[in-house]
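User: I have a model open and want to go through it with you. Can you take my questions as they come?
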Amino acid sequence: MFLRIQARLNHQLRTLCRIGVLLALALGLSLAHAQPNGLTLNQALQLSLQRSSLTKAASASVSASRESAAKADQLPDPMLKVGIDNLPMSGPDRYSTTNDSMTMRRVGIEQQWVSADKRAARSERAQRAVEMEESAYLESVAKVREETAKAWINVLYGQRTLALVSAMEKEAAEDLNAVNAAHRGAKAAASDVMQTQLTLSQAQDATRKNTQDLRNARLALSRWTGMPAATVSDETPKLTSHVPGLPVEELEKYHPILLTARRAINLADADSTVATRESNPGWSLEAAYSQRGSQYPNMVSFGISIPLAVNRAQRQNRDIAEKSALGTKARMQYEEALRDLQTEIENQSSTLESLKGRVTQLNTQLLPAASQQVELATAAYRSGAGSLSAVFNAKKMLLERRLQIVELEKEAALTWAALEYHVVPHDMVPAGEMQ
């Protein structure tokens, strides 16, 4: 009798110890997933920008556009002109370049002259094209940063989720051992054993699933950082975004969508200016030296070529109208982009605050209630008024609530990343400007 009482006391002590460990895991985060030496979020962002082919390709496009802009205000290359005028094709002087007085060997040069205002308009248009390429570069930077931040967050919460489901599996295995022992001592029913076995199978399946999810998340992070990422630092980001407070003027500078839309207007206006200036014809200047036979004097010729705009209404004016319409299109697209962006920012900001509020509420109300349920079930079991399965169910419920909170925290973090990291940092924008 003494041995039987002592065995029961030992069994209760072991159960209480496991419950204490479980509570520490649920209310704080388990030390098993704390990775002080893991990859931090800032390190991941830096690596992604250093190793991303997307940003390098966009940077090369900016360099190409700058090279093209450097020649936009230059005059066309002069044209060398060589020929023979008035060569006889019959008679005694046939094919002779010196006998006939009208035959001349000619060498000359022609230069197309582009007015200063045209060249200035072309140069301005080229600069606006460079700015468009720069905005594309900044957009690629924002995309890389956003996707990297999301991948890092997925790994972070994948680690935390795996730690919790692994704890659930361990607890389920220990619970099964305890129920089997109680069943052998006629203190637990066979249904309790079957229920505990089912719980263990579910926990094992959850562990396998979350192990694969974490592996996939690490592969996604490696895709952006360019290096294997075993673990990330277990540091929860401060889910505070400055984007909702940015005025439109700031969004035009730092949000790639609005930045591109504004620069598209500038490019369209530059195109309109070029079309207006190009409607005035350009002149070509020509000078030639003509050599005849030794018995005849040599000659010099000068000339000017002027295109005649004989159908301006159907040609030049059409070009101007086309560019003007494209400018209107760019402005309408800007207005649409602004409305879409403001709506998206408001939705994301509202969603983020809602998720943060739900996490706070669950941490302050749901977890304490679930923890109290474990304590009550344990106290009832110790007094003989409750069953061991009730204790196990309460512990399982506690861990499931913790998983629910982790999932909400992950959703909030991903929303924050989409809101915060799709904006280019202020100190990075000058790097994308024309130098």
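User: Which residue stands opposite S301 in β4?
Analyst: A288 stands opposite S301. Bear in mind that this is a predicted model.

User: How many bridges join β3 to β4?
Analyst: Seven, and the two strands run antiparallel. Strand β3 covers residues 283–291.

User: What is the strand order in that sheet?
Analyst: The order is β1-β2-β3-β4, in an open sheet of four strands with antiparallel pairing.

User: Which strands stand at the edges?
Analyst: β1 (79–85) and β4 (299–305). Each has a single partner strand, so one side of each is left without a neighbour in the sheet. On average, neighbouring strands are turned by 20 degrees against each other, direction ignored.

User: Switching to the largest nonpolar core. Which residues touch the most other members?
Analyst: L41, W152, I153, L221, V232, W416 and Y421, out of 71 residues in that core.

User: Which element gives the largest share?
Analyst: α4, with 16 residues. Other elements that give two or more residues include α5 (190–225), α8 (316–383) and α9 (388–420).

User: What is L221 in contact with, leaving aside neighbours within four places in sequence?
Analyst: L39, A44, T148, A151, W152, V155, A229 and V232.

User: Last topic: what does UniProt list for residues 331–365?
Analyst: The unreviewed entry lists a "coiled-coil region" there. In the model, the span is 100% helix and 0% strand, and its end C-alpha atoms lie 51 Å apart.

Key: Residues are numbered from 1 along each chain as its sequence is written. This is a predicted model: local features need pLDDT of at least 70, side-chain atom pairs count only at pLDDT 80 or more; totals for chains, interfaces and linings use all residues. Side-chain values use heavy atoms; hydrogens and water are left out. UniProt positions are given in the numbering used here, feature names are shortened, and annotations may be inferred rather than shown by experiment. Two strands pair if DSSP finds at least two bridges between them. Axes are lines fitted to C-alpha atoms, for helices over the stretch in contact, and angles run from 0 to 180 degrees between N-to-C directions. A nonpolar core is a set of buried Ala, Val, Leu, Ile, Met, Phe, Trp, Tyr and Cys residues joined through side-chain atoms within 4.5 Å. Buried means under 20% relative accessible area, exposed over 50%, partly exposed in between (1.4 Å probe, protein chains only). Contact means heavy atoms within 4.5 Å.
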